[in-house]
Amino acid sequence: MKNFFNSLIFMLPLIGLAQYTDVINSNRPGQSVSAYAVGRNVIQVEGGVFYEQSDHSLLNTESNIWGGEFALRYGLLFEELEIIYEGTYQNQNITYTDFGTSYNLTDFSRNRVGLKFLIYDRYKSEERNKPNLYSWRANNVFQLKNLIPSVSVYGGATFNLGDNPFYVGDPTVSYRAMVATQSRLSPRFVLIGNFAYDRISTDFPELSYIVSLTHAFRNPKWSAFVENQGIDSDRYSDVLLRGGIAHLLSEDLQVDFNLGASFKNTPSRIFVTMGASYRLDLHKDKLKAIDEQNAGENGGAIKKNSMKKKEKKKKKKTGSGAEDIDLGPTKKQLRKLKKEEKKKKKNSDNGAIDF
């Protein structure tokens with residue numbers, strides 16, 4: 001959603017109060033995956049190009065790596081479920097500095113399909129999302145309870161097609177499991193955690209984690225992130241740090257940039273990535289019969305000229321930025337909400353019926 005840089009808040013269903021949001025929520029620009037799905041019947045494409053310089057001090061090699069990464073996400077059946085394809089295709093040129101020889105490797109370094117399902121939505125409760133009418137500060141500062149995350153689970157498979165030089169000896173199909181968490185620390189900060197067990201059923205299974213912190217600026221069309229990734233395997237282990245920015249061009253289009261590096265020299269890695277995310281929004285809200293709705297869900301009694309006021313607010317809001325980013329009510333809005341709350345209680349005491 002990742003103060004430093006991290007993965008997109010516009011993705012981020014990061015701070016949306018429902019699965020579907022009016023603005024695209026992307027997993028880019030970092031490698032972390034949000035706990036939320038894109039929304040039912042939403043098709044989303046996320047892709048980018050990257051360059052990496054990798055030098056190994058023990059093997060005395062220098063590598064130049066070019067490639068592209070691609071993800072296709074689709075909201076299946078209901079709001080909490082999505083299917084994801086993720087692919088990374090790269091070309092690596094390795095030079096042995098002691099001998100002056102080089103060779104080239106080209107193939108998929110990532111080629112997997114999986115399902116992600118939200119099992120716990122921290123912000124689904126209407127009561128939990130109500131602002132504190134008596135304290136602007138309480139709505140805008142970090143509290144320990146904000147660490148409680150939304151949680152999703154992921155299951156998928158990685159495919160090695162042909163003789164993949166990056167994963168010699170691995171079977172055609174191996175498996176991946178992951179838990180993704182997402183906490184809204186404040187209206188502008190979102191914390192994401194991914195904990196994965198990858199390449200299950202191979203000789204070199206891999207454990208990894210990603211912790212990502214995202215910050216939305218005062219202009220919510222801009223966000224920044226910082227991200228830490230750890231990898232532990234008999235084939236390759238490392239700790240990586242990356243950071244970057246994202247910019248929302250429209251409700252359905254976002255561009256991003258990030259760079260990063262490793263903490264060791266076997267190999268040392270420096271990389272830069274730029275990309276974009278686009279969604280085809282085919283989402284439609286399900287209709288709910290009046291007799292299935294709870295009392296008070298429709299906002300109470302209809303007031304005179306209420307439709308005119310809404311139309312005026314809508315015009316004023318146009319062009320203000322990412323609408324799914326809830327920065328919380330202002331002090332002026334809190335005073336107004338308090339007056340409405342008192343009026344509602346007074347009407348309730350007088351026996352007035354709200355529809």
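A residue is called buried here when its relative accessible area is under 20%, exposed when that area is over 50%, and partly exposed in between (1.4 Å probe, protein chains only). The structure is a predicted model, so local features need pLDDT of at least 70 and side-chain atom pairs count only at pLDDT 80 or more, while totals for chains, interfaces and linings use all residues. Residues are numbered from 1 along each chain as its sequence is written, and side-chain values use heavy atoms, with hydrogens and water left out.

The term covers a side-chain nitrogen of Lys or Arg within 4 Å of a carboxyl oxygen of Asp or Glu. By that rule, searching the whole structure turns up 15 of them. One links E82 to R73, with N and O 3.0 Å apart, and both E82 and R73 are buried. E82 also has a salt bridge with K116, where the closest N and O atoms are 3.5 Å apart. This second pair ties together distant parts of the chain, since K116 sits in strand β4 (residues 101–120) and E82 in strand β3, 34 residues apart. Strands are DSSP runs of E with at least two residues, and helices are runs of H or I with at least four, numbered from the N terminus. K116 counts as buried because its relative accessibility is 1%, and E82 does so at 0%.

Another salt bridge pairs D170 with R235, at 3.0 Å from N to O. Here the partners come from two loops, D170 from the one between β5 (150–159) and β6 (173–186) and R235 from the one between β9 (222–232) and β10 (238–250), 65 residues apart. D170 is buried at 14% relative accessibility, whereas R235 is partly exposed at 30%. Then there is a network, in which salt bridges with shared partners join E86, R110, R112, R176 and D198.

As for nonpolar packing, a nonpolar core is a set of buried Ala, Val, Leu, Ile, Met, Phe, Trp, Tyr and Cys residues joined through side-chain atoms within 4.5 Å. The largest such core is made of five residues, V33, I84, Y154, M178 and A196. Leaving aside residues up to four places away in sequence, V33 has contacts (heavy atoms within 4.5 Å) with N27, K116, M178, A180, I192 and N194.

Most residues other than glycine have a negative phi, and most peptide bonds are trans. The bond from R28 to P29 is cis, with omega near 15°, and P29 lies in the segment before β1 (42–56). T266 and P267 are joined by a cis bond too, with omega about 5°. N41, not a glycine, has a positive phi of about 70° and is partly exposed at 25%. L77, also not a glycine, has a positive phi of about 60°; it is found in the loop between β2 and β3 and is exposed at 60%.
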